[in-house]
Amino acid sequence: MQEKKSKLKAFAAALTGAAEEKAAAMNAETERLEALEEYAAALASAAEKRRASALADAKVKENKRIVAEGLAAKRSLLQFREDCADDVFAEVRRKILELPQRPEYAETLKNQLWRALDAVPGAREAKVWLRREDMGYAQGLNSASPGVKLEFLEGGFSLGGLVLECPERCRRIDLSFDSALEDLEGRFSELTGFSLEEADGE
């Protein structure tokens, strides 16, 4: 009887040991699987971060490329507009410089005088400034404006035209080519829009 109990006890101990071993093995496998899952998740997270970083870098590079191309196009357009304005201005300036040497210049001065006098209706006297080279036109201009006493003076401008001053009307009408050219240059500068320095973002 005692021997049978010992055998049963040994058998039960064997079963218990086997169950414990199996449970330990199952726990170890579970821990291994959990570790693998954590490792896989870490790899996936790292890959996603690298992908997001690569996309962000690509987006930044693309934005920089678009901005650079936009600035280059803007600079090219501004350069073209400035070149066109320079060419036109140079041609206009050439024609203005040539005008005093042309036969119709005397008529141009008369038209300028009448235009200036129209701006001061009723004026009885006025001062007229001419270039030193144009003082020879004074007599003809005086004859072209009967009823108005004109005093002709040598002006400080050099390209041509005239300046009329009417003290009784407190008016000064500057029709000199120098002022016209300066005004024209300012207008051409406005037409060209932004400067190239602004196009470069400076």
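Is Glu-38 buried or exposed? In this predicted model, Glu-38 is exposed, since its relative accessible area is 59%, a value that lies over the 50% cut-off for that class. The residue is found in helix α1, which covers residues 2-98, and it belongs to a surface patch of negative charge that also takes in Glu-31, Glu-34 and Glu-37.

**Overall architecture**

- The protein has five helices and four strands, and when read along the sequence these elements follow the pattern α-α-β-α-β-β-β-α-α.
- The radius of gyration is 48 Å, whereas the globule rule gives 17 Å for 202 residues, so the protein is more spread out than a compact globule.
- Taken along the principal axes, the box filled by the C-alpha atoms is roughly 160 × 35 × 20 Å.
- Of the 202 residues in the protein, 22% are buried, a class that requires a relative accessible area under 20%.

**Salt bridges within helix α1**

- The count of salt bridges in the protein comes to 12, and one of the pairs is formed by Glu-62 and Arg-65, whose closest N and O atoms are 2.4 Å apart.
- Both Glu-62 and Arg-65 lie in helix α1, where they are separated by three residues, or about one turn of the helix.
- Glu-62 counts as partly exposed because its relative accessibility is 34%, and Arg-65 likewise counts as partly exposed, with a relative accessibility of 36%.
- This pair is part of a network of salt bridges in which Glu-62, Arg-65 and Glu-69 are linked.

**Salt bridge between Arg-102 and Glu-104**

- The side chains of Arg-102 and Glu-104 meet in a salt bridge, with a distance of 2.7 Å from N to O.
- Arg-102 is partly exposed at 42% relative accessibility, and Glu-104 is also partly exposed, at 34%.

**Salt bridge between Arg-132 and Glu-154**

- Arg-132 forms a salt bridge with Glu-154, and the closest N and O atoms of the two residues are 3.1 Å apart.
- Because Arg-132 lies in the loop between β1 (125-130) and α3 (138-143), while Glu-154 lies in strand β2 (residues 149-154), the pair ties together parts that are 22 residues apart in sequence.
- The two partners fall into separate accessibility classes, for Arg-132 counts as exposed at 62% relative accessibility, whereas Glu-154 counts as partly exposed at 44%.

Definitions and conventions
Residues are numbered from 1 along each chain as its sequence is written. This is a predicted model: local features need pLDDT of at least 70, side-chain atom pairs count only at pLDDT 80 or more; totals for chains, interfaces and linings use all residues. Side-chain values use heavy atoms; hydrogens and water are left out. Patches are made of residues with over 30% relative accessible area and no salt bridge: like charges are joined within 9 Å, nonpolar side chains (Val, Leu, Ile, Met, Phe, Trp, Tyr) within 5 Å. Accessible areas come from the Shrake-Rupley method with a 1.4 Å probe; for residues, only the protein chains shown count as cover. A salt bridge is a side-chain nitrogen of Lys or Arg within 4 Å of a carboxyl oxygen of Asp or Glu. Lys and Arg count as positive and Asp and Glu as negative; His and the chain ends are not counted. The place of a charge is taken as NZ of Lys, CZ of Arg, CG of Asp or CD of Glu. Helices (H or I, at least four residues) and strands (E, at least two) are DSSP runs, numbered from the N terminus. Buried means under 20% relative accessible area, exposed over 50%, partly exposed in between (1.4 Å probe, protein chains only). The radius of gyration is taken over C-alpha atoms; the globule rule is 2.2 Å times the number of residues to the power 0.38.
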